[in-house]
Amino acid sequence: MTNGTKYFIGNWKMFGIPSSFKIITQINRFINKDKRRYKVIIAPPLSLLQDFTKKLRNKRVMISAQNCYQKDNFGAYTGNVSPFMIKKLGVRYIIIGHSENRASGETNKIIEEKVKIALKNNFTVILCIGENKIEKRKKQTINVLKKQLNSVLKKKLSQKKLIIAYEPIWSIGTGKLPNKRDLINTTIKIRATLSKIFNKNIPPVLYGGSVDSETIYSFKDIGIIDGFLIGGASKSSKNFIDIIKNFYK
Ligand code: PGA
C-alpha cells in the first residue's frame, strides 16, 4: 500500500517572475508550522530555478523543473537545457511527460530518453500520464496508461526516484473531475501495472487535474492516492495552502 507521505506538487507552467517568490515564502511559512508528514514541491519555470533553489536551501518547500531536453551534458540543441545543466542549479525534482509537452510532440520514446537521463543525473522524476477525452470515451484509458508506463519504465530503474502523476487530459484546467469509482479503479490499475514492473515496492501515484481548495474535498477519502499535482491553483499561496488545509480538515 502507500507509505503514507502525501505529496502536494505545484506546477506553475508558464507563470512567474522573480518577485513571484513571495508565493513560495508564504507557503513555506505555513508548512513550517505544520507537523504533518507531507511533501511540498513547486515547479516554477526554468527562468526562476536557480534563484528559487538558492533562496530555498534548507527549507521545507522543494523546487522541481517542469521539463528537460532528451540529451545530456552540452550540445548543439538551440533553446534546450539538459538534465545535467538543471542538476547544476541545485534542482532535485523534474516533471517529465506532461500532457502539454506530449501535445507538442513528445512521444513515449522521447519521454523514455528524458526519464533515463534524468535518473542518471539523480533526479526524482515526476512522470505524468493520462488519457484524452476521446480515449476515455472509447474506454481505452487503461490501455493508454499501461502503454505510457510500460514504454518508459523498466525494472532496472530506481522506483525510489519516481513519482507517477495520473492526469486525465480532459480534466486539466477544465474543472471536470473523474468520478470517484473511475478514479479508484484507474489508480488500482496503474498500481498493478507498476507492481508488474517493480514488484512490491512501487512509486507513489498522484492525481492531477482541476485540483483546488474546493475540489480537494472529493479526494480526501481516497487513500490509495498519494498526493496531487496542482496547476492553476498553485499560482496563489492562499489557494495552495487551502488545498492542504482542506485535505486534512
Ligand atoms: P490544473 O493543471 O490543476 O490547472 O488542472 C494540472 C496540471 O496540468 O498539472
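**Labels and their rules**

User: What makes Asp221 and Lys180 a salt bridge?

Analyst: The closest N and O atoms of Asp221 and Lys180 are 3.1 Å apart. A salt bridge needs a side-chain nitrogen of Lys or Arg within 4 Å of a carboxyl oxygen of Asp or Glu, so the pair qualifies. The pair links distant parts of the chain, 41 residues apart. Asp221 sits in the loop between strand S7 (205-208) and strand S8 (227-230), and Lys180 in helix H8 (residues 180-198). Helices (H or I, at least four residues) and strands (E, at least two) are DSSP runs, numbered from the N terminus.

User: What kind of model is this, and how are residues and side chains treated?

Analyst: It is a predicted model: local features need pLDDT of at least 70, side-chain atom pairs count only at pLDDT 80 or more, and totals for chains, interfaces and linings use all residues. Residues are numbered from 1 along each chain as its sequence is written, and side-chain values use heavy atoms, with hydrogens and water left out.

User: Why is Asp221 called exposed, but Lys180 partly exposed?

Analyst: Buried means under 20% relative accessible area, exposed over 50%, and partly exposed in between (1.4 Å probe, protein chains only). Asp221 has 55%, so Asp221 is exposed. Lys180 has 39%, so Lys180 is partly exposed.

User: How many salt bridges are there by this rule?

Analyst: The count comes to 12. One of them joins Asp72 and Lys120, at 3.2 Å from N to O. Asp72 lies in the loop between strand S3 (61-65) and helix H3 (83-87), and Lys120 in helix H5 (residues 108-120), so the bridge ties together parts that are 48 residues apart in sequence. Asp72 is buried at 15% relative accessibility. Lys120 is exposed at 62%.

User: Which residue forms a salt bridge with Asp34?

Analyst: Arg36 does, with the closest N and O atoms 3.1 Å apart. Asp34 has a relative accessible area of 12%, so Asp34 is buried. Arg36 has 34%, so Arg36 is partly exposed.

User: Which residues are linked in a network of salt bridges?

Analyst: Lys109, Glu112 and Lys154 are.

User: How do you know that there are zero disulfides?

Analyst: A disulfide is a pair of cysteine sulfur atoms within 2.5 Å. The structure holds zero. For Cys68, the nearest cysteine sulfur is that of Cys128, 12 Å away, so Cys68 is in no disulfide. Cys128 is in no disulfide either; its nearest cysteine sulfur is that of Cys68, at 12 Å.

User: Are these cysteines buried or exposed?

Analyst: Cys68 is buried, because its relative accessible area is 7%. Cys128 is buried too, at 2%.

User: What makes Arg29, Lys33, Lys245 and Lys249 a patch of positive charge?

Analyst: They gather on the surface. Lys and Arg count as positive. Patch residues need over 30% relative accessible area and no salt bridge, with like charges joined within 9 Å. The place of a charge is taken as NZ of Lys or CZ of Arg. Lys245 has a relative accessible area of 39%, so Lys245 passes the over 30% cut-off. Lys245 is in helix H9 (residues 237-248).

User: Why is Pro44 called buried?

Analyst: Pro44 has 1% relative accessibility, so Pro44 counts as buried. Pro44 lies in the loop between strand S2 (38-43) and helix H2 (49-55). The C-alpha atoms of Pro44 and Gln66 are separated by 7.2 Å, and the two residues are 22 residues apart along the chain.

Technical notes
Patch = residues over 30% accessible without salt bridge, like charges linked within 9 Å, V, L, I, M, F, W, Y side chains within 5 Å. Areas by Shrake-Rupley, 256 points an atom, 1.4 Å probe, with all protein chains shown as cover.
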